[in-house]
Amino acid sequence: MTAKTTLGFIGLGVMGEPMCRHLVQKSGAQVTIHDINAEPVARLEALGARDGGSVAEVAKADIVFISLPSGAHLQKVCEGPGGLLEHARPGQTIVDLSTSPLKLTRALAAAFNAKGADYADSPVARTRAAAEAGTLAITVGGTPDVFARIEPLLRCFAAEVTHCGDVGSGQVVKILNNMVMVGTVTALCEAAAIAETAGIKTAALYEAFSKGSADSFALRNHGFKAVAARQFPERVFSTDYMLKDVSYALEMAKDGGIEAREAALGASLLTEASQKGFGADYWPVIIKIIEGSAK
């Protein structure tokens with residue numbers, strides 16, 4: 001990145017706004033931003049960002065970051081009228097920070113490459129608190145040259161940045177990470193429900209787990225902080241968001257001829273939780289489905 005490199009950022013939601021804030025404060029570059037909500041735009045303008053007012057205006061930047069809720073949103077921003085593809089040019093780099101379907105990621109990369117632009121999938125992991133602190137973990141798919149170009153910028157808001165391989169590999173790793181996390185938390189929820197019926201409190205069960213072979217990141221974070229505490233706030237990482245990610249994993253499994261039985265169970269629990277009104281709640285709320293307390 002040169003001193004004159006310009007940056008763009010589209011999508012200033014729960015994760016996008018703090019990531020963009022770190023980029024504005026640490027990159028030393030002019031950052032042009034866009035979001036359909038005025039509030040985060042105004043907050044970032046106060047820090048020095050420039051409101052582009054449209055996707056087309058942000059598309060003038062040399063490196064454009066995207067942070068959106070789903071593949072459908074990404075496709076609209078890229079392929080829709082006035083979208084990024086319409087304005088793509090040689091030497092430009094598009095960086096998708098969202099968790100997006102593998103096939104869409106590869107198709108978009110090919111479309112941008114055909115116009116001379118580079119594309120990298122760089123989905124972020126960890127929590128909203130990590131986004132605020134600038135300590136996210138990012139898995140990147142792209143050429144070595146593209147990775148070298150964007151890594152210093154990603155480190156403005158991430159503590160761990162891993163180059164996983166060609167375009168799409170970042171999404172594969174992130175999606176499967178979430179698939180495994182859902183499977184682990186499902187097991188923790190089932191253990192808690194069974195233990196409670198046997199007269200053992202969840203907190204005591206998990207305390208014992210933490211001293212043995214069942215200890216894990218999932219236990220210490222999702223288990224103690226959500227399941228045992230029965231805390232499932234909104235605007236953290238919702239049931240609907242996790243269902244989206246697991247659905248992407250099941251799509252990849254189907255394409256690869258794999259019957260992902262545990263992922264299918266996780267998807268069914270997340271679907272039921274969403275249908276019973278917990279779609280916006282922090283996703284370990286699936287404990288309520290497992291224990292039968294969701295009426």
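## After helix α11

Helix α11 is followed by R230, whose phi is positive, near 55 degrees. This is a predicted model, and the angle is computed from it. R230 is a residue other than glycine with a positive phi. R230 sits in the loop between α11 and α12. Its relative accessibility is 31%, so R230 counts as partly exposed.

R235 lies in the loop between α11 and α12 as well. Its phi is near 60 degrees, again a positive value in a residue other than glycine. Is R235 buried or exposed? R235 is exposed, with a relative accessible area of 52%.

## Inside helix α11

Helix α11 covers residues 217-228. Its buried residues are A218, L219, H222, G223, A226 and V227. They share one side of α11, because they cover an arc of only 130 degrees around the axis. The spacing fits a general rule. An α-helix has 3.6 residues a turn, so residues three or four places apart point the same way.

What covers the buried residues of α11? The cover includes α9 (169-197), α10 (202-209) and α14 (287-290). The N-terminal end of α11 has a cap, S216. A side-chain oxygen of S216 lies 3.4 Å from the backbone nitrogen of A218.

Helix α9 has 29 residues. From its first C-alpha to its last, α9 reaches 43 Å. That is close to the 42 Å expected at 1.5 Å a residue. After α9 comes G199, whose phi is positive, near 90 degrees.

Helix α14 holds K288. K288 is partly exposed, with a relative accessible area of 26%. In sequence, K288 and Q30 are 258 residues apart. In space, they are 46 Å apart, C-alpha to C-alpha.

## D245 in helix α12

Helix α12 spans residues 239-255, and D245 lies in it.

## Strands β5 and β6

Strand β5 covers residues 93-96, and strand β6 covers residues 118-121. The two strands run parallel and are joined by 4 bridges. Which residue of β6 is the bridge partner of D96? The partner is D121.

Strand β8 runs over residues 136-141. It is mostly covered, with 6 of its 6 residues buried. L136, I138 and V140 point one way from β8. A137, T139 and G141 point the other way. Both sets are buried. The pattern follows a general rule: in a regular strand the side chains alternate between the two faces of the sheet.

β8 pairs with strand β7 (residues 124-125) in the antiparallel sense, over 2 bridges. There, V124 has I138 of β8 as its bridge partner. β8 also pairs with strand β9 (residues 158-165), in the parallel sense and over 6 bridges. The bridge partner of A137 in β9 is E160. How does the chain get from β8 to β9, and with what handedness? The chain crosses through helix α8 (residues 144-154), and this β-α-β crossover is right-handed.

## S67 in a loop

S67 lies in the loop between β4 (63-66) and α4 (71-79).

Leaving aside neighbours within four places in sequence, S67 is in contact with F9, I10, G11, G16, M19, L97 and S98.

Terms used: Residues are numbered from 1 along each chain as its sequence is written. This is a predicted model: local features need pLDDT of at least 70, side-chain atom pairs count only at pLDDT 80 or more; totals for chains, interfaces and linings use all residues. Side-chain values use heavy atoms; hydrogens and water are left out. Buried means under 20% relative accessible area, exposed over 50%, partly exposed in between (1.4 Å probe, protein chains only). The arc is that of the directions from the helix axis to the C-beta atoms. Contact means heavy atoms within 4.5 Å. A polar contact is a pair of N or O atoms within 3.5 Å; within protein, one must be able to donate a hydrogen and the other to accept it, and residues adjacent in sequence count only if both atoms are side-chain atoms. Two strands pair if DSSP finds at least two bridges between them. The expected span of a helix is 1.5 Å times one less than its number of residues. A crossover is right-handed if, with the strands pointing away from the viewer, the path from the first strand over the helix to the second runs clockwise.
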